[in-house]
Amino acid sequence: MKVRVTKKLPADVIDVPIHTEFIKLQDFLKFCNAVESGGMAKNFILNEAVQVNGEICTQRGKKLRPGDSVTFMANTWRVVEQTQ
């Protein structure tokens, strides 16, 4: 018997469109209004309070591309490509 396990995002995922190839994690947290400043973003990231694609991420310069998800403070955002 084969078992297939897939990771599903929570139902209340907020799509955040970007018009560039990628956005850095620290900038993304400011862009989606999760934090008020880059300093706050840096502290939360370094204190392991942010997850990228379900894993704790401590790289504030982590490049997020469309399809990546970010979880912070019980909220989940998904990076999507902006359509014209």
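In which sense do β6 and β7 pair, and over how many bridges? I found that β6 and β7 are antiparallel and share four bridges; strands pair if DSSP finds at least two bridges between them.

**Basis.** I worked from a predicted model, in which local features need pLDDT of at least 70, side-chain atom pairs count only at pLDDT 80 or more, and totals for chains, interfaces and linings use all residues. Residues are numbered from 1 along each chain as its sequence is written, and side-chain values use heavy atoms, with hydrogens and water left out.

**Sheet.** I read helices (H or I, at least four residues) and strands (E, at least two) as DSSP runs numbered from the N terminus. I noted an open sheet of five strands with mixed pairing, ordered β1-β7-β6-β3-β4. At its edges I found β1 and β4 (55-56), each pairing on one side only. I also looked up Val 70, whose bridge partner in β7 is Trp 77.

**Contacts.** Leaving aside neighbours within four places in sequence, I listed the contacts of Leu 64 (heavy atoms within 4.5 Å), including Phe 28, Val 70 and Val 79.

**Gln 26.** I located Gln 26 in helix α1. Gln 26 is buried, with a relative accessible area of 14%; buried means under 20%, exposed over 50%, partly exposed in between (1.4 Å probe, protein chains only).
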